[in-house]
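Good morning, and thank you for making time for this item. I would like to take you through one model, moving from the overall picture to individual residues.

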Amino acid sequence: MSRPVATMAMRPAALADDLFAHERARLEGLVDLHPDARERFDEADGRLAETEILLAGWGCPRLDAEVLARMPRLRAVLFAGGAAAAVLDTRIAAERGIVFTNAGEGNAQAVAEYTLGVILLAGKRAAFAERLYRERRAHVDREVELRDTGNYRRVVGLIGASRIGRRVAELLRPTDLDVIVYDPYASGADVAALGARRCGLDELLALSDIVSIHAPATAETHEMIGARELALLRDGATLINTARGTLLDHEALRPHVRTGRIDAVLDVTVPEPLPADDELWDLPNVSLTPHIAGATGSELHRLGRDVVDELERFVHGRAFAYREAVPA
């Protein structure tokens, strides 16, 4: 019995090795797979016409109407990222009966674990303590100079009960932190099941010692944290963004971090990266990281495992565990 023909597409092509290094034997047992990943779809690539399954990663050229027309046998797209919609025209795909899935659960775990670490370090004001210690190179009296620290009964506000937001809430359960959540689409019972309390956005911002953003990037959420919202944060609060830079008004943020009134941990920005002369690079109370909250290094193997698990289900005629619906 012949195996279905599968093609990989991502940029850089070497990403395929990082994703599937531990899954090659399983992959080759399930599908007829070309060893090299495509960084672009070449019109002269005859294999596209035979491709039944596409294993996509970030940087995959977008599968628009023109590309999909050159893949008449395509039946499934498995995306090693948060949503196949990022690389696929899902409406055309759905009209053709193409099914699609993603490795968002594995990526959510990476982001949630990173966020947990940042929250706990923010509660201890670890970055401030390190700066103080390095500058002084002498004794720091914790009971005098670090009194406003700790993770007992601090309030953490999560903006968005998304897949990642829910995981962060679950990871915070064993701590003594009080967790509150704002999400207009989540019920009080849904949030209570996470061990948290549902509240409005203004209340969350006013009460929280640490605020972490986990809402999706939509027209509705564009710069949802702006001047009015930032003014509600208490002095000494920490704002964390591992979602999308577009959710935060960076111009409105500047005066609050410039004066040291609040701290910010930004794994995403607009633009990304920021210009080299942007003042945020030099502010000691602003942490900038190059979009590392999502899966990196060894965590890519988890995404690859999840994609191959879905591939195995598909090849054996079973439903995807994480099938994406066509967006409304």
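**Overall architecture**

The secondary structure of this protein comes to 14 helices and 12 strands. Please bear in mind throughout that the model is predicted. Along the principal axes, the C-alpha atoms fill a box of roughly 75 × 45 × 35 Å. The protein has 328 residues, and 49% of them count as buried. Among contacts with a separation of 6 or more, 63% are between residues 24 or more positions apart.

Let me turn to the annotation. In an unreviewed entry, UniProt records a "D-isomer specific 2-hydroxyacid dehydrogenase catalytic" domain covering residues 61–319. In the model, that span is 39% helix and 14% strand, and its end C-alpha atoms lie 26 Å apart. The UniProt record, again an unreviewed entry, also places a "D-isomer specific 2-hydroxyacid dehydrogenase NAD-binding" domain at residues 117–293. Over residues 117–293 the chain is 33% helix and 15% strand, with the end C-alpha atoms 10 Å apart.

**The seven-stranded sheet**

In what order do the strands of the open sheet of 7 strands run? The order is S8-S7-S6-S9-S10-S11-S12, and the pairing is parallel. At the edges stand strand S8, residues 197–198, and strand S12, residues 286–288; each has a single partner strand, so one side of each is left without a neighbour in the sheet.

The partner of S12 is strand S11, residues 263–266, and the two pair in the parallel sense over 3 bridges. Within that pairing, Val265 stands opposite Ser287 in S12. Helix H13, residues 250–258, lies across strand S10 (238–241), S11 and S12, and runs at about 140° to S11.

Strand S1 covers residues 5–9, and 5 of its 5 residues are buried.

S1 pairs in the parallel sense with strand S2, residues 32–33, over 2 bridges. There, Ala6 stands opposite Leu33 in S2. S1 is also joined by 4 bridges to strand S3, residues 53–56, and these two strands run parallel. The bridge partner of Ala9 in S3 is Ala56.

**A buried and an exposed position**

Two single residues deserve a moment. Thr115 lies in helix H6, residues 104–123. Is Thr115 buried or exposed? Thr115 counts as buried because its relative accessibility is 0%, and the cut-off for that class is under 20%. Leaving aside residues up to four places away in sequence, Thr115 touches Val168, Ser212, His214 and Thr242.

Gly97, by contrast, sits in the loop between helix H5 (90–96) and strand S5 (99–102). Its relative accessible area is 51%, so Gly97 is exposed, given that exposed means over 50%. The C-alpha atoms of Gly97 and Ala49 are separated by 17 Å, and the two residues are 48 residues apart along the chain.

**Backbone features to inspect**

I close with the backbone. Most residues other than glycine have a negative phi, and most peptide bonds are trans.

The peptide bond from Val270 to Pro271 is cis, with omega near -5°. The peptide bond from Glu272 to Pro273 is likewise cis, with omega near 0°. Pro271 lies in the loop between S11 and S12, and Pro273 is placed in the loop between S11 and S12 as well.

As for phi, Arg137 has a positive value, near 55°. Arg137 is found in the loop between helix H7 (126–136) and helix H8 (142–145), and it counts as exposed because its relative accessibility is 74%. Arg153 also has a positive phi, near 60°. Arg153 lies in the loop between H8 and strand S6 (155–159), and at 46% relative accessibility it counts as partly exposed.

That concludes the presentation; thank you for your attention.

Key
Residues are numbered from 1 along each chain as its sequence is written. This is a predicted model: local features need pLDDT of at least 70, side-chain atom pairs count only at pLDDT 80 or more; totals for chains, interfaces and linings use all residues. Side-chain values use heavy atoms; hydrogens and water are left out. UniProt positions are given in the numbering used here, feature names are shortened, and annotations may be inferred rather than shown by experiment. Buried means under 20% relative accessible area, exposed over 50%, partly exposed in between (1.4 Å probe, protein chains only). Two strands pair if DSSP finds at least two bridges between them. Contact means heavy atoms within 4.5 Å. Axes are lines fitted to C-alpha atoms, for helices over the stretch in contact, and angles run from 0 to 180 degrees between N-to-C directions.
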